[in-house]
Each structure stands twice: as structure tokens, then as C-alpha cells.
Amino acid sequence: MFLFKLISYLFGHVFLVVKGNSLEKFINMAANRGIYLWDITKLGANRIRVGVRLSGIRPLRHIARETACRFKIKSRVGIPFIVERMKKRKILVAGAFIFVIVLYILSSFVWFIEIEGNDKISGKDILLAVRQVGLSEGVWRGDIDTAVIEQAIKDKLPIVAWVGVFIEGTKVRIEIVEKKIIGNEISDQPTHIVATKTGLLQGILVLSGQAVVAEGDVVEVGQVLISGEVIPEQTINQNNGVMDLPRYLQAQGVVRARVWYEGYGEAKLVEMLIKPSGKQTERFSIKMVGQEIILKGPSQIPFTKYQSEITVKTFPLWRDFAVPVEFIKVQYLELKKHREERTKTEARKLAEQKAWSQVKLKLPTEHKILKQRVEHIETEQQENLVRVKVLVETLEEIGTEKPFQP
Amino acid sequence: MVWSGFEKHIKKQMVNLLEIPSDIMLDLPKVVVVGNLQVFIENHRGIIEYTSELIRIIVEDGEINISGENLSIRNIMVDELIIEGKIKSLELRGG
């Protein structure tokens, strides 16, 4: 039926009002001649309304003459009639065509240039670089060669590590990744190697600079280990009587030292703790325009002490419009006081763990443990506490560069 | 006259014997009624009368009378016809 309607629309059909005394004959003759009629409705005593295809009108005229009926076209439907109407309004059709053509022409120009990923380079510099190879607002899209532009940006701005130029409709997107400069290699300020930690020097290897400490020395934090100020040996220039000026350089070297760490931990033999008891309830609610409605779960929380975990689900943002409806799930975990009793060994273990974790915080990533000792601090009086001290001795590098003004 | 009666008799016998649908063999109308909304007639021979209350259709060996309210012919082709409206009665009259 849909196909039939579509065909009728494409080829055009009309509704006729037929007047006459022998309408049944009119319908029969039409049907016999293969003229398709539809929606035949009686309008009055001898008037009917009939739907017929455009191609059927001419034969219907003959039939009408033979049966002494007369018909008038009541309404016209379909593309042929629309085309006919459009022929009378040529300017309108021309306007629509011109609109489409202008839109097409305008869409083949670049109207926007978007730059992404630039941090240190200003957008203006990039636009300037790009303009020189012929990419600016208002340029025809066909003239743009993205590979050429990418190369030009790379050549003109050496700080750019990677660049991508994408044409997206009337927008050109320039994506830039800048080179990251590690450290400040460029600065030529002289530096010392200083100690970062207090320790006993175990080995010192000077690559450049002058060592001012020796193996076996105990050094403090911040003490200069290898100096960047090289004082020339006196003996060479002694006969001139003129002191040579010291040279300044960036000291380099490896300084290893023994470093001591101490950690302290304690644990009670009997302790009151607050722990989740395992009981829990959940509450689902929906929040709409500031009002919260509980869907499921108790309105009064049945626990005196509890911990709650809230998860909120919202609808995804659509454009800038946030749906003001939230689903909230709250999980209540009951908390209970709990008397924890430990044996002496258990308490000691716990205290040791605490002490160790303290030490581990202080340890550098690269180290070698030489010695470690766990001490239990025993007090005379009977106590609820177990105290533990952990002592660790490591071998590690303690030198770091520090610039100085000569 | 005798001969045509004999021919019909033979045809009927053949239809019974071979179980051929009788509307094809005997050129009889096939009427499908959908509730009181629609009547579909195949093998009609034309309309004798059409008003919004009554439609009379010639078929082989007689006529079909359909009465109701607001009757309209949905479409009409050489041998097929659909009538819509509020149908009240459908009558088959042998010729």
C-alpha cells in the first residue's frame, strides 16, 4: 500500500467530483477499461468523489461523455503539479539553486584555524608561520597541502616535535606537540656537588672539579663535597708572584656514603578500635530539582555509628544541558567498638611493621642496605605498650648538584 | 441449455474430484469480510447501485447486496473491489 501511494505521488493524482445520473455505469466502465479508481465516496444524491491517476483522466473524459456524466477536478496531488507550480515561480527556484551553490562555494574555503597543544609557542607565531606558506582564513581549501604546511611549521619553529594539520570542513585544525627540554643543560653556571644527607663517606669519584672531602669523613647536609671552584696549584706560578685566578666549572662526580636511618613504632597490647561490624544497609534515592526522594531502603538509619559510601549517577551531559535528575546510592556500614587484644609477639610484630614503614618513607629509591637492627625498648614498669626501634644502615649516593655564584 | 447445464455439472464434479478451489474453476466470487469494516470481493462483474447506505454488486450467477452506513469504495479494478464503511448486512442473491 505504501508503494502504491508513493507511485501515485510521483506520477500525480487528482480527486474528481463526478455529477450524473448513472454513476454506477461510470464506475463500471472505468474499472473495465483498467482505470484505477479509489476512495469513491458519495457526496450527494448524484455526486461522488473519486481518486484517479493523472494518466486516467483522458479516458475518463470519454467515459463521462458516454454516460452523460460531468466531472470537475477538486484537488491535485503529486510531483507533476509541484513542478507545474514551480514553473510559474522561476525566481523562487533560481533563488533556492543560488542558495545551494553559494553555500557550496563558501564551504570550500577555510574560515577558521584552530591551534591545539601549543604551550610555549604563541598561537600568533604559528599563524604567522602558516600564513607564509599560504594558509590563512579565506583561502580555498583545494590549495592547501597539509604535508607542506606541516613541514613549514617544523622548519620555522624548531621547538615543535610533531605537528598535524587536519582539514575538517571549513576549519583547519593544527595540532602541535612541543619538545620538552629536560633539565637546564643550557645554563653554564658553575656548580658544586653537595651532600643531601648526613653520612660517613665511603667512596668519592671526581669526574670534574676538586674534591674537598676525603673518604672516612663525616659530612653534614649541604656540605660541599666536590667544589666547582678549582684553585690552581700554587707551585707552578710561584716565581711570578702572581696568584692565578680560580677556575669555575660544573663539578661532577659520584659520592657514596653510609647513611643511618631510624624508625620508631609502638603497639598496645589491649586497644579499643572502631571497626565495621559487617552489618550494612543500602538506600537508593532519586534527586530531582533539589528534592530527594527515597526509592528503596530505610528512611532512618538503624545504626548509631556508621560510615557511609555515596555513589551518585547522573545522566550524561547533552550539549550544555545537564539533566537535573540524579540517582543516589548510599551504603551504610555499621561501626562498632572492638576490644583488640594482642599477645606480646603480635604487638611486637605490629610495632616493627610501623617502625619499618617509617624507615621506608625516608629511604631513597636506590640504596643498598648494609646493616639492619631491630631494638626493643624495654621499660622497667609493667606497661600496655610495646616500643620498637629499627636501625638501618645503607650505602647510597648522597651528592647533588648545586649552582653557586663565583 | 441442456448442454450448458451438463457442462456445469461436469465442472462441479471435476472440482470435487481434484479439490481445485471453486472460485477459480467456476468463476465464482470470493468475498472476504473484515469485521464490520471492510468487504473484499474478487471476481465481480460491476456495480448496479451505489449509495452510502447500499451497494449492489453483480457477480456470476447473481448479486451481492451490502448495506451499512457511510459506505465507500476504497478501490475498484477489473475483477477486484474493496468496500469500506460501517457494514450492517451482506446478502448473496442467486440469479
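**Chain pairing, cores and local features of the predicted model**

Strand E2 of chain A and strand E5 of chain B, residues 62-76, pair in the antiparallel sense over four bridges. The model is predicted. Within this pairing, Ile40(A) has Ile73(B) as its bridge partner in E5(B). Strands of a sheet pair through backbone hydrogen bonds, either parallel or antiparallel.

The contact between the two chains involves 14 residues of chain A and 14 residues of chain B. On the chain A side, helix H2 (23-32) and strand E2 (37-44) each supply at least two residues. The side of chain A that touches chain B comprises seven nonpolar, four polar and three charged residues.

Each of the two paired strands holds a residue with a positive phi. In strand E2 of chain A, Asp39(A) has a positive phi of about 50°, although Asp39(A) is not a glycine. Asp39(A) counts as partly exposed because 14 C-beta neighbours lie inside 10 Å. The cut-offs are 20 or more for buried and 12 or fewer for exposed, with partly exposed in between. In strand E5 of chain B, Asn70(B) has a positive phi of about 50°, and Asn70(B) is not a glycine either. Asn70(B) has 11 C-beta neighbours inside 10 Å and therefore counts as exposed.

The largest nonpolar core has 34 residues. Val18(A), Phe26(A), Ile27(A), Ala30(A) and Leu37(A) touch the most other members. Helix H2(A) gives the most to this core, with six residues. Ile27(A) has contacts in both chains. Its partners, leaving aside neighbours within four places in sequence, are Leu37(A) and Ile40(A) together with Ile47(B), Tyr50(B) and Ile76(B). Another core lies apart from the largest one. This other core has 14 residues, among them Leu201(A), Ile204(A), Ile226(A) and Ala251(A).

Helix H2(A) also meets helix H3 of chain A, residues 57-67. Two packed helices are described by the angle between their axes and the distance between the axes. The axes of H2(A) and H3(A) come within 10 Å and cross at roughly 145°. The crossing is right-handed. From H2(A), the residues in contact are Lys25(A), Phe26(A), Met29(A) and Ala30(A). From H3(A), they are Leu60(A), Ile63(A), Ala64(A) and Thr67(A). By class, this contact has six nonpolar, one polar and one charged residues.

E5(A) and strand E7 of chain A, residues 171-178, run parallel and are joined by five bridges. In E7(A), Arg173(A) is the bridge partner of Glu114(A).

Two further residues illustrate local surroundings within strands. In chain A, Met272(A) is placed in strand E16, residues 270-288. Met272(A) counts as exposed because there are 9 C-beta neighbours inside 10 Å. Leaving aside neighbours within four places in sequence, Met272(A) is in contact with Lys337(A) and Arg339(A). Lys337(A) is 65 residues from Met272(A) along the chain, yet their C-alpha atoms are separated by 6.6 Å.

In chain B, Val31(B) is found in strand E1, residues 30-34. Val31(B) is partly exposed because 19 other C-beta atoms lie within 10 Å. The cut-off for a buried residue is 20 or more. Val31(B) touches Val39(B), Ile41(B) and Ile64(B), not counting residues up to four places away in sequence. Val31(B) and Ile41(B) are 10 residues apart in sequence, and 4.5 Å separates them in space, C-alpha to C-alpha.

Key:
Residues are numbered from 1 along each chain as its sequence is written. Chains are lettered from A and ligands numbered from 1 in the order in which they are written. This is a predicted model: local features need pLDDT of at least 70, side-chain atom pairs count only at pLDDT 80 or more; totals for chains, interfaces and linings use all residues. Two residues are in contact if their C-beta atoms, placed from the backbone, lie within 7 Å. Ala, Val, Leu, Ile, Met, Phe, Trp, Tyr, Cys and Pro count as nonpolar, Asp, Glu, Lys and Arg as charged, and the others, Gly among them, as polar. Two strands pair if DSSP finds at least two bridges between them. A nonpolar core is a set of buried Ala, Val, Leu, Ile, Met, Phe, Trp, Tyr and Cys residues joined through C-beta atoms within 7 Å. Axes are lines fitted to C-alpha atoms, for helices over the stretch in contact, and angles run from 0 to 180 degrees between N-to-C directions. A crossing is left-handed if the near helix is turned anticlockwise from the far one by less than a right angle, and right-handed if clockwise.
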